[in-house]
Amino acid sequence: LKLQFLYFIVYTMTDVVGENIRVVTRVRPMLDDEPGESFVTVVDEKKVEVKSHSGVQVFEYDAVLGTASSQQDVYDTSCTNVLQAVLNGYNGAVIAYGQTASGKTHTMTGDDGVVPTVARQLFSSVQRRENDGSGMNFEISCSYIQLYCEKIYDMLDEGRSCTLQTGSGLFLSNASNVPVTEWDGMVHLLKKGEKNRIVHETGMNKASSRSHSVLLLTLLSRSGSVEKMSQLYLVDLAGSECVEKTKSKGEVLQQAKSINLSLLSLRRVITSLVKKAQHIPYRDSMLTRILESAVGGNSVTTIIICVSPSSYNLPETTSSLRFGMYTGSITNVAVQNVVRSTDELEELLRKLYKEIEAALITKKKLEIEVKQHQHIVINGGVKMDSSIGRLATQVSSSDFDIPQHFICPLGGKLMLNPVTLADGVTYERDMAEKYILQHKRPPRKVAACVGNTHLLTMIPNLTIRGNIEAFIAEHVAVQKQHAW
């Protein structure tokens, strides 16, 4: 079933959640046939220690799960906050990252993994909310895609290619978007999607994922006239590969190159976000375009770093742990997605038009009042007309309590256009020009000023001028006396 939706989403800035991406590290057990020795130690619930020939490194995260951790532990530490956010109208994402054969797919889609557990809990939570008497109801739809060699394919319709659309979330043209009303239907879709995922045997994994998979659950909630739309991304990234270890050749080698390049693009995005760069290279890869909202965007996000404890995988494990450290410093800003109907949007527009009209009327009234007071705004300051200028030049410091530095030393009158000369004194421009024209120097003697024309330059004193204008505006008596 192919469905196409048109949503009008209004972001309410009072419903904003700003928080760092949550990072959870999971250390899988050693495999029976895995070379090397265990070199990773879980120090406590937030720290992991890596021992190597170069020394000991300690990495700290929001949570660390050891080799004995269960799938339920993963859900409890990684998913509960994301699911709660999605139910309340925010976008959410859970992403598994790590080298090939580090346990990502088991963590995400294995028995009781993140994908089936989150989906099951979503249906359970929706059912409880619909039955609690609050009047809420929900619609859930599901898309399941994989990114293979920079192309998007529909995992619910084998072989169908999809196109990414820009918008306020992840929207795909030509992708299945299947309404789901019960858990059994969800289970069927998950099994169908996993069956169509591209896998291949390599030197490190008998069933190595050759694509990045994204399960996208879209939740539309209604309570009275208010609708909210949220999206939940459950992402199992293909693992980075060392070709020397995986022994990849031919088509599998080309797949490895594509996987590594897309993960490199993701690392560049993370680095740019951490450094708060002006340009974030989301468009360098289809993977980063898909994850744009989840990483550094409008989403409550958890990234699960999956690592091997074997010294054989030291470089890859250390790289993954560092990636997790960088990612944890990125702040996402999740915004509640309120869906408005066209009627509601038209009503909002009518209210805005009324507010604009009222503002314009107020502006017109203020302009009339300004003209009545004969204030003419020019170049950021107040310019007096010639008659007012003549009156103002008749004001002396003895007439009113005018600060002395507002009075021209040459004429003893209030300055309207103050300039500072080479002698460091501020004068009224007209008076200064007349004095310089007559004496060829500033009023106060300056050493070697005669003949040095640059010493006769007049510099407008905007600070004094601004203070004078403020003084005049505050003293109604001066304004009335001189026809302001």
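The paragraphs that follow take these parts in turn.

The model is predicted. Begin with strand S17, residues 300–307. Eight of its eight residues are buried, so S17 is largely enclosed by the rest of the structure. In a regular strand, side chains alternate between the two faces of the sheet. Both faces of S17 are covered. Val300, Thr302, Ile304 and Cys306 are buried on one side, and Thr301, Ile303, Ile305 and Val307 are buried on the other.

S17 also has strand partners. Strand S2, residues 22–27, pairs with S17 in the parallel sense over six bridges. In this pairing Val24 stands opposite Ile304. Strand S7, residues 92–97, also runs parallel to S17 and is joined to it by six bridges. Here Ile95 stands opposite Ile303 of S17.

Next comes a sheet of three strands, which is open and antiparallel, in the order S22-S21-S23. Its edge strands are S22 (426–428) and S23 (459–460), each of which pairs on one side only. Strand S21, residues 418–420, is joined to S23 by two bridges, and the two run antiparallel.

Finally, turn to the surface. Which residues gather there in a patch of negative charge? They are Asp44, Glu45, Glu60 and Asp62. Asp44 lies in the loop between strand S3 (40–42) and strand S4 (47–52). With a relative accessible area of 34%, Asp44 is partly exposed.

Terms used. Residues numbered from 1 in each chain as written. Predicted model: local features only at pLDDT ≥ 70, side-chain atom pairs only at ≥ 80, totals over all residues. Heavy atoms only, no water. Patch = residues over 30% accessible without salt bridge, like charges linked within 9 Å, V, L, I, M, F, W, Y side chains within 5 Å. Areas by Shrake-Rupley, 256 points an atom, 1.4 Å probe, with all protein chains shown as cover. Salt bridge = Lys/Arg side-chain N within 4 Å of Asp/Glu carboxyl O. Lys, Arg positive; Asp, Glu negative; His and termini not counted. Charge placed at Lys NZ, Arg CZ, Asp CG, Glu CD. Helix = DSSP H or I, 4+ residues; strand = E, 2+ residues; numbered from the N terminus. Buried < 20%, exposed > 50% of the residue type's maximum accessible area, 1.4 Å probe, protein only. Pairing = 2+ DSSP bridges.
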